Amino acid sequence: MKSTMKSIVFAASLVCASGIAFAADKSWGSGADDVAFQAMLKSGFREKGIAKLTRLDQDATQAFCSDPQLVASKDGAAMAAKIEAENMKTVKWPTDGVWLGSHAAGEALAQSGRGLTSTDTADTPNGGNCYNCHQISKKEISYGTIGPSLYNYGKNRGNGEDALRYAWAKIYNAKASNACSNMPRAGHMGIINEKQIKDLMALLFDPASPVNQ
Amino acid sequence: MGNPMKIRAASKDGVTDVKVLMSHEMETGFRKDASGATIPAWFIAEITAKLNDKVVMQSQWGPSVSKNPFLAFKIKGGQKGDKVVISWVDNKGDTRTDEATVT
Amino acid sequence: MQYGTLNRRALLIRSTATAIAAAIGSMVPTRFAFAAWNKAAFEAKTMADAYKGLGAAQAAESGDIQILASDIAENGAVVPLQAVSKIPGTTQISFLVEKNPNMLAALFDIGPDLLPDVTTRIKMGQTSNIIVLVKAGDKYFTATKEIKVTLGGCGG
Amino acid sequence: MMKQPQVIGAVLALIGFAAFTGVIRAEGDNSIESIEKYREALRDGNPAELYEAQGEELWKKKAGPKNASLEACDLGLGAGVTAGAYAQMPRYFKDTDRVQDAESRLLTCMSTLQGIDTAKYVAAAWASPEKDELNALVTFISGESKGVKVTMALDHPKTKVMYELGKRMFYYQGGTHDFSCASCHAQEGMRIRLQELPYLPSQKGAGVAWTSWPAYRVSAGQMWGMQWRLADCFRQQRFPEPIYASDVTVALSTYLAATAAGATMDTPGIKR
């Protein structure tokens, strides 16, 4: 687990290092400039358990997406494209060329919303948080709607290389295709590992998965 | 002794509608604390309701009644100004009695 | 009827036991009021034992029992249940949860001054059938309703 | 022009499509309808009332080194006035020269009137006797505004600044999951699992949210004030913990309450 934490810090600093400059001050009302805002952050939070104060440090993607006015601005589209390209570079493809794992393990992972909160421990297995935002298997009626329905995902798209690559990259780093997607960068941030991504891929693509029934 | 209950009793068309909220943990006996030890069951086991001095309702509960229990029942009769008295006893022998006036 | 007689006997035995417990209990004040609690029924781990504890050897399904509850519970920690019996002579209403570790959740004695219409809130560990068991005279009747317990919130 | 059979085919396809989407919608609505029925049943007896009673008792009880009650506490409408006060908070207080929400103000009164060192109240865990007191007190105070319209005068410069800081905080992403408040609360009509998410930048959404806390959480059997509500959002966001009654929390509440202005307080509430 320790190595996962390390990889999170490393991954975050990687994107940070890409160094995109922002003019966040301009987007906010008077009194909410960078200095005042940072002072408020500094005095307002305390570390708790595994949730250290460094979690408040933003990488370039987070900084850009925290400024909706900038995102919607004239330069926003170009900046978003650059951020997407940076994130795409982080995607690690399956090391053995195998795309799909166990759809049953994927379903269990999709159900879980646990892990990495201030009340979790370093040993808490991280969930995928998927049902929080997506409809997936038809059997689970308690699903969120922030993301699109993934029911019949593989059935509708087939198991072609392009479809597999797209879904893998989406799970690994959702910001590679949509700079300010609400979806976490599950692989890039070390929330889940390669095997778990394969399990989620199987949940989406395996013809035997409940998703494709 | 436990915290006071909230009792509402309203009479309408010859029926007194009674609603009660009780303050109690209602611990199931199946949960474990942070150290892994089982938290012993602790729950309201018996409830008695009186209209003025007459027992009108008796109920028995297990630990699967929800925390801070809610109870509603309907008494035949009763009118404005009557007294509804509710008592509970939990499995540790703790008790609590509160009353309300029918409106 | 055979089981009716048995029932009365069982009831007699139980009330004797209760009387003894009460007598002992009167020397131990804190235990006294707790003595009537139907331990056998509440601690039963199978539906059959719970029924036995309640004295219900047989129970017939009845359309005259209404279970008023939402089909879905947003959280299993609090599931509101209301039961209304239209069976004449109803003297007891019990709530049972098929998939709880102990099935019996609550029982209400319906005396002459009470309408057979009671409401409480119970915990459910998972999606399950709720059974309302009604006693009228020597006979027992049931109604069943499935309540889905959903996972809510962010799940963290 | 289309030939007749093609037109019929197209029409049939349209009907088929409509029927199909109809089925999905009906199913979705059913769940939501059932959940609404469930919530309705809960509202009939809200255990928050038990905490309201405890809070009122605490408010009137003499405590602390000064052996005084909180009854002389000024919540913004004058010493001892509780009716309607919560509906106008957070607000600027001259004596502390700070914008304060109800919970932050209660700490001030405990300190000045009762002589209590409130540091341990701030530091205490959420489920602790200290926080139980504060949660009960704020439940009582909020209940005193039930049915009152939310008003927020952004007339003091410090209130305006808190509003702007709160707005910026709302969009601030961080942590392992890139979450901000906006990740879940900046789109209309979305859900997490089966929970509808209020669209907080709108008056309607902020109104629904702001006026229903403090609330009794049935899932945990706990009474939560807005401070706890916000702290648990940050926990789910994978953020560190916001310090009780800190400016971060007051700023977010100021943004929320100002956006909600005009909505009617319905506190204490009851939630999943």
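Where chain A meets chain D, the contact draws 46 residues from chain A and 35 residues from chain D; two residues count as in contact if their C-beta atoms, placed from the backbone, lie within 7 Å. This is a predicted model, in which local features need pLDDT of at least 70 and side-chain atom pairs count only at pLDDT 80 or more, while totals for chains, interfaces and linings use all residues. Residues are numbered from 1 along each chain as its sequence is written, and chains are lettered from A and ligands numbered from 1 in the order in which they are written.

On the side of chain A that touches chain D, helix 2 of chain A gives the largest share, six residues. Helices (H or I, at least four residues) and strands (E, at least two) are DSSP runs, numbered from the N terminus.

Now turn to chains B and C. Six strands make an open sheet with antiparallel pairing, in the order 1(B)-2(B)-5(B)-7(C)-4(C)-2(C). Strand 1 (6-12) of chain B and strand 2 (65-68) of chain C stand at the edges, each with a single partner strand, so one side of each has no neighbour in the sheet. Within chain B, strand 1 runs antiparallel to strand 2 (residues 15-21), joined by seven bridges. There, Ala9(B) stands opposite Val18(B) in strand 2 of chain B.

Terms used. Two strands pair if DSSP finds at least two bridges between them.
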